[in-house]
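This briefing covers helix packing, a salt bridge and a surface patch. Please read it alongside the sequence and the structure.

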Amino acid sequence: MLLAPVAREPLPMTTTVFFAVLLAALLHASWNALVKIGEERLVGVSLVALFSGLIAAVALLPMGLPSAAELPWLGLSILLHTGYCLFLSRAYNHGEFGQIYPLARGCAPLLAMILGAAILADYPGIHDVLGAVVLILGVLLMAWRGGRERLSSKAIKAALITAMFTAGYTLSDGAGARVGGEPIRYTLWLFACNGLVMLVVLLIHQRRNAWCQIRQYALIGIMGGAMSLLAYGIVIWAMTKAPIGVVAALRESSVLFAMLLSVLLLKEPLGRVRLTAAAIITVGVLLTRLG
C-alpha cells in the first residue's frame with residue numbers, strides 16, 4: 001500500500017491546543033531527564049518505551065484494531081521511533097542533557113515544517129514560520145554554547161541523526177492520525193508496538209542481564225513511560241487540530257523545561273548563553289501562538 005499524502009486546509013491553533021502542547025513539552029523534557037540521570041541510557045530509553053507500551057496495550061482493549069489506512073503509517077513510524085530511541089540514548093552517552101536535548105529537538109521542527117508543506121500540503125502561516133525560525137535559533141544557541149564545554153563530534157552526530165528521526169516520525173504520525181480519524185487509537189497502537197520492539201532491543205543488548213536491569217530501573221520506566229505516552233498522545237491529537245509543523249515547533253519549547261531540569265536535577269551550569277537562548281525560545285513560542 002502506498003503512503004498517500006494527506007492534504008487539508010490548515011487550522012488556526014486554539015488556546016486549548018496551545019497549552020496542551022506546552023504540557024506535552026514539559027512531560028517530554030521530564031522523561032528525558034529521567035533517562036539522562038540513569039547510568040545505562042539505552043536501558044532507560046528502552047524501559048520508557050516498554051512501560052509506555054504496556055500502559056498503551058491495556059488501554060487498547062476497548063479501542064479495536066487500526067484501520068487499513070493507518071497501517072502503513074504505523075509501520076513506518078515504528079521503524080522511525082526505534083531509530084530515534086537508539087540514537088537518543090547514544091547522544092546522551094556523549095554530552096550534557098542541557099545541550100543534547102535542545103540540539104536533538106531543535107533541528108527537527110524545521111525539517112518537519114518543510115517536509116510537511118512539501119509532502120502533506122500542510123502549509124503554516126507567516127507568523128508560524130517566523131516563530132519556528134526564531135525558536136529554532138534559540139534552541140541551537142543553547143545547544144552549541146550553553147554547556148561547560150563544546151559537544152564532541154560523536155555527540156553532535158548522534159543528536160542530529162536523532163533529530164532526523166524525530167522529523168520523520170512527526171510527519172508520519174501526524175498523517176497516520178489524520179487518515180484514521182482516531183488519534184488516541186493510533187497513539188496507543190504505536191506505543192504498544194514500539195514497546196515490543198524496544199523490549200527485543202533490550203534483550204539483545206543486555207542478554208542475560210536484561211531482566212535484572214528491568215527490575216532495577218522499573219520505577220524510572222513506569223514514570224517515564226506514563227509521561228512519554230501522555231506527552232505524545234497530546235501531540236498527535238494536536239496535529240489533527242493545527243498544522244503539523246506549528247505543533248512540532250511549539251513542542252520544542254520543552255527545551256526551556258529541560259534547561260530548568262538540567263540545573264535543578266543534574267547540576268549543570270546556568271550561564272548567560274543559556275538564559276539568552278531561553279529568552280529567544282520564549283519569543284519564538286509567542287510568535288507561534290500569534291500565528
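In this predicted model, the axes of helix H3 (residues 71-92) and helix H7 (residues 153-180) come within 8 Å of each other and cross at roughly 155 degrees. Angles over 145 degrees count as roughly antiparallel, and H3 and H7 are therefore roughly antiparallel to each other. The points below take up this pair and then other parts of the model.

**Contact of H3 with H7**
- The crossing in which H3 passes H7 is left-handed.
- Sorted by class, the residues in the contact of H3 with H7 are 15 nonpolar, eight polar and two charged.

**Other helix pairs**
- Helix H1 (residues 15-37) and H3 have axes that come within 10 Å and cross at roughly 60 degrees.
- This angle makes H1 oblique to H3, and H1 passes H3 in a right-handed crossing.
- The axes of H2 and H8 come within 7 Å, with a crossing angle of roughly 140 degrees.
- H2 is therefore oblique to H8.
- H2 and H8 cross in a left-handed manner.

**Salt bridge**
- The count of salt bridges comes to one, under a rule that asks for a side-chain nitrogen of Lys or Arg within 4 Å of a carboxyl oxygen of Asp or Glu.
- Arg185 and Glu70 form a salt bridge through their side chains, with an N to O distance of 2.7 Å.
- Arg185 belongs to helix H8 (residues 183-206) and Glu70 to the loop between helix H2 (41-60) and H3, so the pair ties together parts that are 115 residues apart in sequence.

**Nonpolar surface patch**
- Which residues form a nonpolar patch on the surface? They are Ile37, Leu260, Leu264 and Leu265, and together they have about 400 Å² of accessible area.
- Leu265, one of the patch residues, is found in the loop between helix H12 (254-264) and helix H13 (272-290).

Notes
Residues are numbered from 1 along each chain as its sequence is written. This is a predicted model: local features need pLDDT of at least 70, side-chain atom pairs count only at pLDDT 80 or more; totals for chains, interfaces and linings use all residues. Side-chain values use heavy atoms; hydrogens and water are left out. Patches are made of residues with over 30% relative accessible area and no salt bridge: like charges are joined within 9 Å, nonpolar side chains (Val, Leu, Ile, Met, Phe, Trp, Tyr) within 5 Å. Accessible areas come from the Shrake-Rupley method with a 1.4 Å probe; for residues, only the protein chains shown count as cover. Helices (H or I, at least four residues) and strands (E, at least two) are DSSP runs, numbered from the N terminus. Axes are lines fitted to C-alpha atoms, for helices over the stretch in contact, and angles run from 0 to 180 degrees between N-to-C directions. Angles under 35 degrees count as roughly parallel, over 145 as roughly antiparallel, 65 to 115 as roughly perpendicular and the rest as oblique. A crossing is left-handed if the near helix is turned anticlockwise from the far one by less than a right angle, and right-handed if clockwise. Ala, Val, Leu, Ile, Met, Phe, Trp, Tyr, Cys and Pro count as nonpolar, Asp, Glu, Lys and Arg as charged, and the others, Gly among them, as polar.
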